[in-house]
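Thanks for coming. Please have a look at the model on the screen, and then I will go through a few parts of it.

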Amino acid sequence: MDDDLASPPPGLLTRLREGLPPEAVLTDPQVTASYATDMASFCPAGAPAAVVLPRTVEQVRHVMRTATALRVPVVPQGARTGLSGAANASDGCIVLSLVKMDRILEISPVDRIAVVEPGVVNAVLSRAVAEQGLYYPPDPSSWEQCTIGGNIGTASGGLCCVKYGVTAEYVLGLDVVLADGRLLRTGRRTAKGVAGYDLTRLFVGSEGTLGVVVGAVLGLRPAPPRQLVLAAEFPSAAAACEAVCAVMEAGLAPSLLELMDRTTVRAVNALGRMGLPDSTEALLLAAFDTPDAPAALAAVGALCEAAGASAVVPAEDEAESELLLQARRMSLTALEALRPATMIDDVCVPRSRLAEMLDGTAAVARAYDLLIGVCAHAGDGNTHPVVCFDPADEDEARRARESFDEIMALGLALGGTITGEHGVGVLKKEWLARELGPVGLEMQRAVKQAFDPLGLLNPGKVF
């Protein structure tokens with residue numbers, strides 16, 4: 001980014017207010033400071049010149065036309081529940097918060113689509129479509145707070161990805177305001193469509209660096225039966241990972257396959273009094289949302305026992321299933337209670353290397369004398385090592401940052417990727433270059449240049 005982008009030019013606020021209602025432009029430094037960061041640790045952030053909260057597409061276009069005319073950087077934001085610093089402000093920028101654009105414009109049971117604005121909260125959409133017998137599968141852990149626009153920007157995942165896939169697989173079309181204020185429509189409303197390059201997929205996961213998503217056409221599914229859950233306790237993480245591989249090799253299709261390591265299990269026990277034995281080194285949760293769920297759970301239970309499970313507990317009904325899932329849902333909160341701060345990694349490896357990833361992470365924890373708990377979307381090979389540390393302790397904070405890098409290096413060495421669903425943001429820029437290689441990085445930067453030649457959209461992120 002050019003140096004002259006660091007401070008806003010005269011007249012910025014006046015020009016913004018020409019196309020926005022007074023309450024949509026925030027300039028009080030104490031207020032704008034609250035929009036400066038997402039939930040990531042170790043990510044620098046600047047002081048925005050203004051925060052704008054548009055309610056219409058035309059207002060977003062006005063913001064981008066103003067930013068282009070005055071060469072002011074723009075940082076798009078959703079609910080700021082991200083974990084990579086992708087929504088962090090830069091000095092002198094316009095923070096473009098899309099949370100006020102929160103309308104569900106259409107739900108079509110025949111076409112099985114929903115048309116939404118970017119500020120719609122994931123859980124709100126999920127409940128709205130459920131009322132019509134439909135299902136929107138992507139369910140990030142922050143689904144009660146995170147927005148669809150943010151999910152699209154970071155290509156979010158969730159607990160159900162092992163069966164239903166990630167956000168990208170449900171985005172059929174987008175309305176995007178480009179850096180110069182032009183409105184681009186990509187994709188389709190139809191069940192199929194292959195006209196031209198797939199620009200829709202290009203914007204999914206672009207973290208606000210290519211354009212501002214102002215509308216989305218989302219694919220829906222028929223609502224499945226309520227899922228039943230099984231919990232299996234293991235004497236080692238390796239045994240639990242062996243069971244995961246056996247489940248997938250057997251051709252079973254769980255709607256959820258989650259793993260918690262020893263540190264996470266003990267943290268959950270301490271917080272929620274779940275009553276899990278202290279001898280549990282790993283807890284595997286499997287779920288099925290099919291009419292034959294009891295039989296499928298029995299098959300998984302047998303595979304878990306063959307892998308060395310010390311206990312297998314299938315739920316008999318929805319209430320018991322919900323009780324078993326509480327442990328997984330509270331895992332991050334439980335780990336956060338152990339130390340003043342956490343740093344959440346997001347390394348995805350081939351399922352066949354999952355045991356090596358967990359064992360390697362445990363070795364990193366020992367080497368750096370840190371508490372690191374792992375919860376994982378085991379069916380996807382997507383691990384979330386959570387480094388627990390005290391930021392006030394300079395040495396511990398340094399070790400936390402270094403251990404984070406060691407874990408990412410481990411993931412790449414195992415044939416994995418530095419992020420399965422959280423994105424790159426600021427936190428993993430260096431590691432993205434290592435994963436892509438020089439040719440891949442050059443092509444990605446060329447795409448960025450084509451869409452944003454002035455470098456105004458979310459500068460300093462991803463690359």
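Is Cys 375 buried or exposed? Cys 375 is buried, at a relative accessible area of 5%; buried here means under 20% relative accessible area, exposed over 50%, and partly exposed in between, with a 1.4 Å probe and protein chains only.

Before going on, some ground rules. This is a predicted model, in which local features need pLDDT of at least 70 and side-chain atom pairs count only at pLDDT 80 or more, while totals for chains, interfaces and linings use all residues. Residues are numbered from 1 along each chain as its sequence is written, and side-chain values use heavy atoms, with hydrogens and water left out.

Now the cysteines. A search of the whole structure for disulfides, meaning pairs of cysteine sulfur atoms within 2.5 Å, finds zero. For Cys 375, the nearest cysteine sulfur belongs to Cys 388 and is 10 Å away. Cys 241 has its closest cysteine sulfur in Cys 245, at 7.0 Å, which is too far for a bond. Cys 241 counts as buried, because its relative accessibility is 2%.

Helices (H or I, at least four residues) and strands (E, at least two) are DSSP runs numbered from the N terminus, and two strands pair if DSSP finds at least two bridges between them. Strand β18 covers residues 371-377, and six of its seven residues are buried, so β18 is largely enclosed by the rest of the structure. Strand β13 (residues 256-261) runs antiparallel to β18 and is joined to it by two bridges; Met 260 has Cys 375 as its bridge partner. Strand β19 (residues 382-389) is also antiparallel to β18, with seven bridges, and His 377 stands opposite Asn 382. Four residues lie between the strands of the β18 and β19 hairpin, where Gly 381 takes a positive phi near 75°.

Elsewhere there is an open sheet of four strands with mixed pairing, in the order β1-β2-β4-β3. Two bridges join β1 to β2 (residues 50-52), and the two run antiparallel. Val 25 is opposite Val 52 in β2.

Last, helix α4, residues 122-130. Its buried residues include Leu 125 and Val 129. The buried residues of α4 pack, by heavy atoms within 4.5 Å, against β5 (104-108), β6 (113-116), β7 (134-135), α5 (148-154) and β10 (212-219).
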